[in-house]
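The exercises below are meant to be worked through with the sequence and the coordinates side by side. Try each task before reading its solution.

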Amino acid sequence: MIAESFERIHRSNLVGMGVLPLTFKDGDNAQALGLTGEETFDLTGFDGDISPRQDVAVAITYKDGRRKTIKVLCRIDTANEVEYYRHGGILHYVLRQLVA
């Protein structure tokens with residue numbers, strides 16, 4: 001999910017559900033990028049190894065086939081949240097800890 005910002009609890013809930021919260025950088029926003037909701041987004045150059053607050057490249061493919069790549073900020077903010085995300089969310093993390 002890419003947004004201009006997240007409320008603290010919403011961002012935390014996304015991570016807890018295994019959703020990668022991303023925020024626009026460098027003055028980008030949906031309006032400036034001409035986003036309508038009909039685009040597709042691909043993480044590029046991202047091998048799944050994540051660190052708190054890293055930059056991530058996102059390729060936007062517009063309905064007419066144009067592509068644009070932008071940098072966004074990953075809003076996984078702590079090492080604990082990295083672990084939750086790697087496990088698919090906090091529930092999966094806790095269940096794996098109980099099984100181990």
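**Exercise 1. In which helix does Leu95 lie, and which residues form a nonpolar patch on the surface with Leu95?**

Step 1. Leu95 lies in helix 3, where helices (H or I, at least four residues) and strands (E, at least two) are DSSP runs numbered from the N terminus. This is a predicted model, in which local features need pLDDT of at least 70 and side-chain atom pairs count only at pLDDT 80 or more, while totals for chains, interfaces and linings use all residues. Residues are numbered from 1 along each chain as its sequence is written, and side-chain values use heavy atoms, with hydrogens and water left out.

Step 2. Leu95 counts as partly exposed because its relative accessibility is 42%; buried means under 20% relative accessible area, exposed over 50%, and partly exposed in between (1.4 Å probe, protein chains only).

Step 3. Ile90, Leu91, Val94, Leu95 and Leu98 form a nonpolar surface patch, with about 470 Å² of accessible area together. Patches are made of residues with over 30% relative accessible area and no salt bridge, like charges being joined within 9 Å and nonpolar side chains (Val, Leu, Ile, Met, Phe, Trp, Tyr) within 5 Å. The areas come from the Shrake-Rupley method with a 1.4 Å probe, and for residues only the protein chains shown count as cover.

Step 4. Among the elements of the protein chain, helix 3 (residues 90-99) has the lowest mean pLDDT, 90, whereas strand 2 (residues 22-24) has the highest, 98. Here pLDDT is the predictor's confidence in each residue, from 0 to 100, and the protein chain averages 94.

**Exercise 2. In what order do the 5 strands form the open sheet, and which strands stand at the edges?**

Step 1. Read along the sequence, the protein chain follows the pattern β-α-β-β-β-β-α-α, with 3 helices and 5 strands.

Step 2. In the open sheet the strand order is 1-2-5-4-3, with mixed pairing; two strands pair if DSSP finds at least two bridges between them. Strand 1 (2-3) and strand 3 (40-44) are the edge strands, each with a single partner strand, so one side of each is left without a neighbour in the sheet.

Step 3. Strand 4 (residues 55-61) runs antiparallel to strand 5 (residues 67-74), joined to it by 7 bridges. Across this pair, Ala59 stands opposite Thr69 and Ile60 stands opposite Lys68. In the hairpin of these two strands, which has 5 residues between them, Gly65 takes a positive phi near 95°.

Step 4. Strand 3 and strand 4 also pair in the antiparallel sense, over 5 bridges, and Leu43 stands opposite Val58 in strand 4. Because 6 of its 7 residues are buried, strand 4 is largely enclosed by the rest of the structure.

**Exercise 3. Which residue forms a salt bridge with Lys25, and how many residues apart are the two in sequence?**

Step 1. Lys25 forms a salt bridge with Asp55, the closest N and O atoms being 2.8 Å apart; a salt bridge is a side-chain nitrogen of Lys or Arg within 4 Å of a carboxyl oxygen of Asp or Glu.

Step 2. Lys25 lies in the loop between strand 2 and strand 3, and Asp55 in strand 4, so the pair ties together parts that are 30 residues apart in sequence.

Step 3. Lys25 is partly exposed at 23% relative accessibility, and Asp55 is partly exposed at 39%. The structure holds 10 salt bridges.

**Exercise 4. Which residues does one network of salt bridges that share partners join?**

Step 1. Asp77 forms a salt bridge with Arg53, the closest N and O atoms being 3.2 Å apart. This pair links distant parts of the chain, with Asp77 in the loop between strand 5 and helix 2 (79-86) and Arg53 in the loop between strand 3 and strand 4, 24 residues apart.

Step 2. Asp77 also forms a salt bridge with Arg75, with 2.7 Å between the closest N and O atoms. Arg75 counts as buried at 17% relative accessibility.

Step 3. Salt bridges that share partners join Arg11, Arg53, Arg75, Asp77 and Glu81 into one network.
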